[in-house]
Amino acid sequence: MGKVLYIVVPCYNEQEVLPETAERLKNKIGRLREAGQIDAGSRILFVNDGSRDGTWALIQSLCAADAVYAGVNLSRNRGHQNALLAGIATAVEHADMIVSMDADLQDDIDAADRMIAAFLEGNDVVYGVRSSRRKDSFFKRNTAQFFYRLMKLLGAEIVYNHADYRLLSRRAAEALLSFDEVNLFLRGMVPMIGFRSTTVTYERGERFAGVSKYPLRKMLAFALEGVTSLSVRPIRMITSGGLLVCVVSLAMLIKAFVDYFSGNVVRGWTSMIISVWVLGGLQLFAIGIIGEYIGKTYMEAKGRPKYIIESVLLKEEDEE
């Protein structure tokens, strides 16, 4: 008997693409079942992230029509990462392996076969990695590459050209859920698990229908979230910058004395410039030190829940 597979699909305003996504994933589950690769209890779990259109109604109708579908409805929109985590938390109680993917059909569904094969070979984490970015615009391709280089420079461990298309074993999913942080950047958190992992390459396609849920503003916010969630080096850079300004101010002080004794000086200029540079450097240095502590504790200290589940639609195997 095969292992139980759950495919977790976060959804936000996906009513245009959801019927096609559901059909393709159902066919994939059916073929995997026929091949004996997965158990009959395998499911497709849609997570409604506070959609404003008919997404949840569609999920409800799918679940009522076929037990292969399951649904989780969040009480309000909490963002892609929280919706994905909510789906993983629901699926981990039933699944041996969990595949997460977006609803827009840009991820190659057939790559899941190779992910499952890699899981059966003993890998707890299998990353879906894009083979190329030829279909991206010039701007998106170059900004994405800049982001990965920046993350590496800041000491964050992430998989190059990997988004959120991945397979997690049950124990890997449980390990991920043990992370208590509120500010989520799963692409950086999953590598921290440390279990055996590998990659599967695939060609990312065009969005089947609907519009992207990540315009430039959200992409920038997501990148900033990734940097601040995985590294405190930006704060240390502020501290280093403050020290550098202090050093420069000392050099300016020496220059001011040289100018004074050589008679090349403007009245009031020396005291004003020295005070601005010295105080500015000390302020940046102090902000860097304080920020080192505040940046680590501010958001986490609130202890707010990452998400609230309003309802779950899931038929057990014996209910079919």
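Student: Which is Tyr-69, buried or exposed?

Tutor: Tyr-69 has a relative accessible area of 5%, so the residue counts as buried (under 20% relative accessible area, with exposed over 50% and partly exposed in between, for a 1.4 Å probe and protein chains only). The model is predicted: local features need pLDDT of at least 70, side-chain atom pairs count only at pLDDT 80 or more, and totals for chains, interfaces and linings use all residues. Residues are numbered from 1 along each chain as its sequence is written, and side-chain values use heavy atoms, leaving out hydrogens and water.

Student: How many aromatic pairs does the structure hold?

Tutor: A pair of aromatic rings is described by the distance of the centres and the angle of the planes. Here there are two such pairs (rings of Phe, Tyr and the six-membered ring of Trp, centres within 6.5 Å; planes under 30 degrees apart are stacked, over 60 edge-to-face, the rest tilted). Phe-46 and Tyr-69 are stacked, at 6.1 Å centre to centre with 25° between the planes. Because Phe-46 lies in strand β2 (residues 43-48) and Tyr-69 in strand β3 (residues 69-74), the pair ties together parts 23 residues apart in sequence (strands are DSSP runs of E, at least two residues, numbered from the N terminus). Phe-46 is also buried, at 0% relative accessibility.

Student: What is the geometry of the pair Tyr-165 and Tyr-202?

Tutor: Their ring centres are 5.2 Å apart and their planes stand at 85°, so this pair is edge-to-face. Tyr-165 belongs to strand β6 (residues 162-169) and Tyr-202 to strand β7 (residues 197-202), so that distant parts of the chain, 37 residues apart, are linked. Both Tyr-165 and Tyr-202 are buried.

Note on methods: Helices (H or I, at least four residues) and strands (E, at least two) are DSSP runs, numbered from the N terminus.
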